[in-house]
Every structure is written in structure tokens, then in C-alpha cells.
Amino acid sequence: MIRCLFPLLLVCYLIGCVGEQTVQHPVEMSERIATAGDNASFHPIKLDTKHLPNSVQIHSKVISGGLPEGDAGFAELASLGVVTIISVDGATPDVEAARRHGMRYVHLPHGYDGITDQRVKELAKAVRELEGPIYIHCHHGKHRSPAAASVACVAAGLISNAAAVPFLELAGTSRNYRGLYQAASDARKLEASMLDQLDVEFRERVSVPPMAEAMVRLDHTHDNLKLIGDSDWRTPPAHPDLEPAHEALQLREHFTELLRTDEVKRQPEAFIEMLRDSESSADKLEKMLRDWQAASYRDELPAEISKLANRIDTQCTACHVQYRDIPFSEK
């Protein structure tokens with residue numbers, strides 16, 4: 001049961017052909033567009049949300065975006081009428097927060113290198129059969145979730161293939177993620193009978209490989225350090241729980257723990273060297289931040305702090321390009 005109507009911004013769609021825009025119940029809108037198939041008009045909308053990063057509506061039933069920002073994010077989803085949340089991120093979904101606001105979580109994670117055929121089928125069945133409106137999210141809402149939303153909607157017959165790549169461009173998906181663009185470009189409508197027969201257990205949480213899980217934690221801490229850097233390497237006013245030196249320590253620990261895993265030890269030496277270099281840079285960053293903090297920030301900000309942070313950023317980007325983001329077809 002839909003608890004509230006979408007705001008006007010969410011449901012003003014042109015159905016079938018250019019004409020007058022009308023406000024409609026989201027489920028009724030979904031049914032009309034679904035029956036129109038590939039001939040349905042497609043007009044994605046960027047949403048003005050406070051606690052849902054990069055939220056973009058791809059279909060009257062489906063919104064793509066980033067991780068809901070705490071309880072306020074889930075409350076905002078509820079205010080939009082969202083009933084089902086699909087996470088394509090590797091992090092463990094906050095199932096309890098969703099339940100508090102009357103929503104269901106489904107965990108269907110995928111990487112930056114593309115979306116497997118099986119996952120495309122599962123995403124298509126989800127948007128076709130689960131109660132909507134549906135919010136599909138990754139961490140930042142710019143790369144994996146727009147790709148997942150586009151392939152799901154194309155495969156389920158909600159939008160045309162021609163609309164998939166433009167949606168990624170609207171959401172700001174980087175062209176560096178060639179596997180995600182390839183997935184959107186290759187997406188095709190699947191037979192309804194096949195999706196009907198597809199046996200899928202939609203689970204609230206699924207396990208991810210240890211290395212992928214460690215990378216999720218590393219990315220989260222790295223994001224915290226970026227917030228600190230934007231605040232001149234002091235605790236950000238909006239995030240009083242972030243202590244600069246401690247976050248640098250946590251980052252160093254993530255690199256250290258990764259280097260201890262058997263999975264990393266099996267990787268190419270160049271990959272391991274990137275981790276070692278970042279581990280060393282994070283260690284130096286922590287010590288410099290502690291020294292500066294011990295001086296009560298009276299001394300001028302050491303230039304080396306920003307240099308070390310930039311070095312870590314550069315190594316992370318290079319590693320992603322060389323090892324994480326390569327499309328399936330090139331592996």
C-alpha cells in the first residue's frame with residue numbers, strides 16, 4: 001500500500017506522447033508506462049533532496065541515488081512514498097533504519113566493472129515485481145546505482161535502451177567506468193515469461209568477498225578524510241565526531257589489514273606496491289596531523305599534509321583505473 005503520493009516533481013511524466021502533464025498515483029503511473037513498453041516517453045528528473053545524495057528519478061516507480069544520510073535520509077525516502085530500497089553497494093544495508101520507516105531493504109551488490117547477466121535479471125525482476133516506489137542506491141549515487149537503475153528498467157521493459165546511457169550522463173556517471181556504460185548500452189528488454197519463472201530470493205543482506213568488504217570500509221574512511229581536508233584539516237563543524245588524526249590512523253589500518261589478506265597477496269606486485277605506498281603515506285599523515293593538533297593548530301598548516309593526502313588520492317585513482325574498473329570483457 002502506497003502511503004502517500006509522490007510530490008509533483010516526482011510524478012509529472014509525459015505518457016506515450018507529448019501532451020499535458022498530470023499528477024497521478026505512482027502505482028497507476030507505473031502500470032501505464034509499463035504497458036507502453038519501449039514506446040513510453042522518458043523524461044528523467046533530478047530531484048531536490050536534502051539527505052539523498054544525487055537522487056535522480058528514472059521512471060515513475062524507480063529513483064536512483066546515494067546512501068540515505070542517517071535517519072533523516074530514510075525519513076525523506078518515506079516522505080517520497082518509497083516502499084522498497086535496493087542497495088547495489090557492498091556495504092551492509094541499515095535494515096533496521098528502513099524498517100523503522102516502514103520500508104523493505106533488498107541487497108543486490110555489484111562492482112564498478114559492470115553488471116553480470118544474472119544480476120541484470122535479478123534487478124529487472126526486482127523493479128518489475130517488488131512494491132514501489134523503489135529507491136536504488138550505491139554509496140555516492142553517481143556510478144553504480146544509475147547503472148543498476150538503467151539496466152533494471154530497460155530489462156524490465158519500463159524504459160527503452162536508447163534512454164539508458166543518457167540517464168547515466170544525467171546522473172554524472174564518470175566515463176572512466178567503462179563497464180557500467182557498457183552494461184547500460186548492452187541492456188535489452190527481457191521476456192516477461194523468463195522473469196516470471198526466474199527464481200530469486202530477495203535478501204536484506206548478502207555477504208561480499210572479504211577484500212571487497214575491506215575496500216568499502218577504506219572508501220568510507222577516505223571520504224571522511226576528504227571532509228576533513230575541506231575543513232582545512234580540522235574537525236568539520238557538521239561532523240563533530242571526525243577527529244583528523246584518528247581518521248588518518250583508521251585509513252592506515254585499512255591498508256595494513258588489506259596487505260595481510262591472502263587475497264591481496266595473490267595480486268600483482270604493482271597492486272601490492274600501491275597499497276604499501278598508500279599505507280606509508282597514511283602513516284605519515286597521521287603523525288603530522290597529531291603534531292599539528294598538539295600545537296593547538298597555532299603553527300601554519302604543514303604543506304606536506306595536503307601533499308600526502310593528494311598522493312593517497314592519486315594512488316587510489318590509479319589502482320581503480322588499472323584493477324577495479326576494467327570492464328568484464330577486458331578481464
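**View 1. Thr84, a buried residue of strand S4.** In this predicted model, Thr84 is buried, with a relative accessible area of 2%, where buried means under 20% relative accessible area, exposed over 50% and partly exposed in between (1.4 Å probe, protein chains only). Thr84 belongs to strand S4, which covers residues 84–87; helices (H or I, at least four residues) and strands (E, at least two) are DSSP runs, numbered from the N terminus. The side chain of Thr84 reaches the backbone oxygen of Glu131 at 2.6 Å. Not counting residues up to four places away in sequence, Thr84 touches Arg104, Val106, Leu130, Glu131, Pro133, Ile134 and Tyr135, a contact being heavy atoms within 4.5 Å. Residues are numbered from 1 along each chain as its sequence is written, and side-chain values use heavy atoms, with hydrogens and water left out. As this is a predicted model, local features need pLDDT of at least 70 and side-chain atom pairs count only at pLDDT 80 or more, whereas totals for chains, interfaces and linings use all residues.

**View 2. The largest nonpolar core and Val127.** The largest nonpolar core has 45 residues, and those with the most contacts inside it are Ile86, Leu123, Val127 and Ile136; such a core is a set of buried Ala, Val, Leu, Ile, Met, Phe, Trp, Tyr and Cys residues joined through side-chain atoms within 4.5 Å. At least two residues of this core come from each of strand S2 (56–59), helix H5 (117–129), strand S6 (134–137), helix H6 (144–155), helix H7 (164–171) and helix H8 (178–186), and the largest share, 8 residues, is supplied by H6. Apart from this core lies another, of 27 residues, among them Ala248, Leu251, Leu259 and Leu289. Leaving aside neighbours within four places in sequence, Val127 is in contact with Lys61, Val62, Ile134, Ile136, Ala152, Cys153, Ala156 and Leu158.

**View 3. Ile272 in helix H13.** Ile272 lies in helix H13 and, at 8% relative accessibility, counts as buried. Ile272 and Leu259 are 13 residues apart in sequence and 7.2 Å apart in space, C-alpha to C-alpha. When neighbours within four places in sequence are left aside, the contacts of Ile272 are Leu259, Val264, Lys265 and Gln267.

View 4. The structure holds 2 cavities of 30 Å³ or more, a cavity being a set of points, on a 1 Å grid over the protein atoms alone, where a 1.4 Å probe fits but cannot get out, with lining residues having an atom within 4 Å of a point. The largest cavity has a volume of about 80 Å³, a volume being the space filled by probe spheres set on the points, which are joined across faces, edges and corners. Its lining includes Met215, Asp219, Phe255, Met274 and His320. Helix H10 (210–230), helix H13 (269–294) and helix H14 (303–324) each supply at least two of the lining residues, and the largest share, 4 residues, comes from H14.

**View 5. The second largest cavity.** The second largest cavity, with a volume of about 30 Å³, is lined by Tyr112, Cys138, His139, His140, Gly141, Lys142, His143 and Arg144. By class, this lining has 2 nonpolar, 4 polar and 2 charged residues, where Ala, Val, Leu, Ile, Met, Phe, Trp, Tyr, Cys and Pro count as nonpolar, Asp, Glu, Lys and Arg as charged, and the others, Gly among them, as polar.

How values were computed:
On a 1 Å grid over the protein atoms alone, a cavity is a set of points where a 1.4 Å probe fits but cannot get out, and a pocket is an open set with protein on both sides within 12 Å along at least five of seven lines; lining residues have an atom within 4 Å of a point. A polar contact is a pair of N or O atoms within 3.5 Å; within protein, one must be able to donate a hydrogen and the other to accept it, and residues adjacent in sequence count only if both atoms are side-chain atoms.
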